[in-house]
Amino acid sequence: MTHSTRRPRALHSLAALAALLLLPAAAAAQGESRFGEWRMQSDAPPPSSNIMTYAPWGDGGMQITVASTNAQGRSSEWGYTTLFDGVFRAVEGQEGSETAVEVIDDRSTRITNRRNGRVTQVIINTLSDDGDTIHNEYVRFDAEGRIVGVSHAVYERIR
């Protein structure tokens with residue numbers, strides 16, 4: 001092996017090691033910066049509402065709860081926990097559903113939802129620079145894994 005081929009391999013190894021060492025700090029920052037309550041912006045008339053609550057969970061993880069009310073006044077609540085490690089965990093309040101969360105960078109996470117073992121949606125959740133707004137990009141998939149829809153929601157911090 002020549003000197004020129006060893007250097008790139010060493011640099012790649014160092015970059016991978018640095019990423020592994022920084023992941024726990026980035027995951028902890030993801031949770032702490034989001035803790036609190038968030039209301040989805042919507043033009044739907046009351047009683048429609050959607051509130052996400054982020055709270056600390058475990059060692060550096062987060063518990064997410066979503067409480068919503070539709071236009072007819074029917075309420076529902078569901079939630080999940082994450083350690084930002086990409087591991088699927090059960091969603092309480094949605095039978096057969098699991099969610100996995102991974103850190104993309106210091107402000108964004110990738111949330112993968114699956115139902116009955118099939119990925120149905122990927123969400124890119126991005127916190128604004130000022131920490132008061134979350135933008136969610138939703139990508140929905142059919143049974144064959146094809147994209148069937150993309151939508152966007154904005155959540156504003158209320159506490």
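1. Which residue in S3 does Ser49 stand opposite? Thr69 stands opposite Ser49. Strands here are DSSP runs of E with at least two residues, numbered from the N terminus.

2. On the basis of the model. This is a predicted model, with local features needing pLDDT of at least 70 and side-chain atom pairs counting only at pLDDT 80 or more, while totals for chains, interfaces and linings use all residues. Residues are numbered from 1 along each chain as its sequence is written, and side-chain values use heavy atoms, leaving out hydrogens and water.

3. Strand pairing. Two strands pair if DSSP finds at least two bridges between them. S2 and S3 run antiparallel and are joined by 9 bridges. Their hairpin has 3 residues between the strands, and Gly58 there takes a positive phi near 60 degrees. Strand S1 (residues 36-40) also pairs with S2 in the antiparallel sense, over 4 bridges. Gly36 has Tyr54 in S2 as its bridge partner.

4. Nonpolar core. The term covers buried Ala, Val, Leu, Ile, Met, Phe, Trp, Tyr and Cys residues joined through side-chain atoms within 4.5 Å. Buried means under 20% relative accessible area, exposed means over 50%, and partly exposed lies in between (1.4 Å probe, protein chains only). The largest such core has 18 residues. Those with the most contacts inside it are Trp38, Met52, Tyr54, Ile64, Tyr80, Ile134 and Tyr155. Strands S2 (49-57), S3 (61-69), S6 (97-103), S8 (118-127), S9 (133-141) and S10 (147-157) each supply at least two residues of this core. S3 gives the most, with 3 residues.

5. Tyr80. This residue is buried, at 8% relative accessible area. Contact means heavy atoms within 4.5 Å. Neighbours within four places in sequence aside, Tyr80 is in contact with Met62, Gln63, Ile64, Ala90, Val91, Thr99, Val101 and Ile111.

6. Rings. Rings of Phe, Tyr and Trp (its six-membered ring) pair if their centres lie within 6.5 Å; planes under 30 degrees apart are stacked, over 60 edge-to-face, and the rest tilted. The count is 1 aromatic pair. Trp78 and Tyr80 form this stacked pair, at 6.4 Å centre to centre with 15 degrees between the planes. Trp78 is partly exposed, at 25% relative accessible area, whereas Tyr80 is buried.

7. Charge over a ring. The rule asks for NZ of Lys or CZ of Arg within 6 Å of the ring centre and within 35 degrees of the ring normal. The charged end of Arg114 sits over the ring of Phe88, 3.7 Å from its centre.

8. Salt bridges. The cut-off is a side-chain nitrogen of Lys or Arg within 4 Å of a carboxyl oxygen of Asp or Glu. The count comes to 8. One of them joins Arg110 and Glu102, at 3.4 Å, N to O. Arg110 is partly exposed at 32%, and Glu102 is partly exposed at 33%.

9. Links across the sequence. Asp129 and Arg107 meet in a salt bridge at 3.3 Å, N to O. Asp129 lies in the loop between S8 and S9 and Arg107 in the loop between S6 and strand S7 (108-115), so the pair ties together parts 22 residues apart in sequence. Asp129 is exposed at 71%; Arg107 is partly exposed at 30%. Asp132 and Arg157 form another salt bridge, at 3.5 Å, N to O. Asp132 is in the loop between S8 and S9 and Arg157 in strand S10, so this pair ties together parts 25 residues apart.

10. Network. Salt bridges link Asp142, Glu144 and Arg146 in a network.
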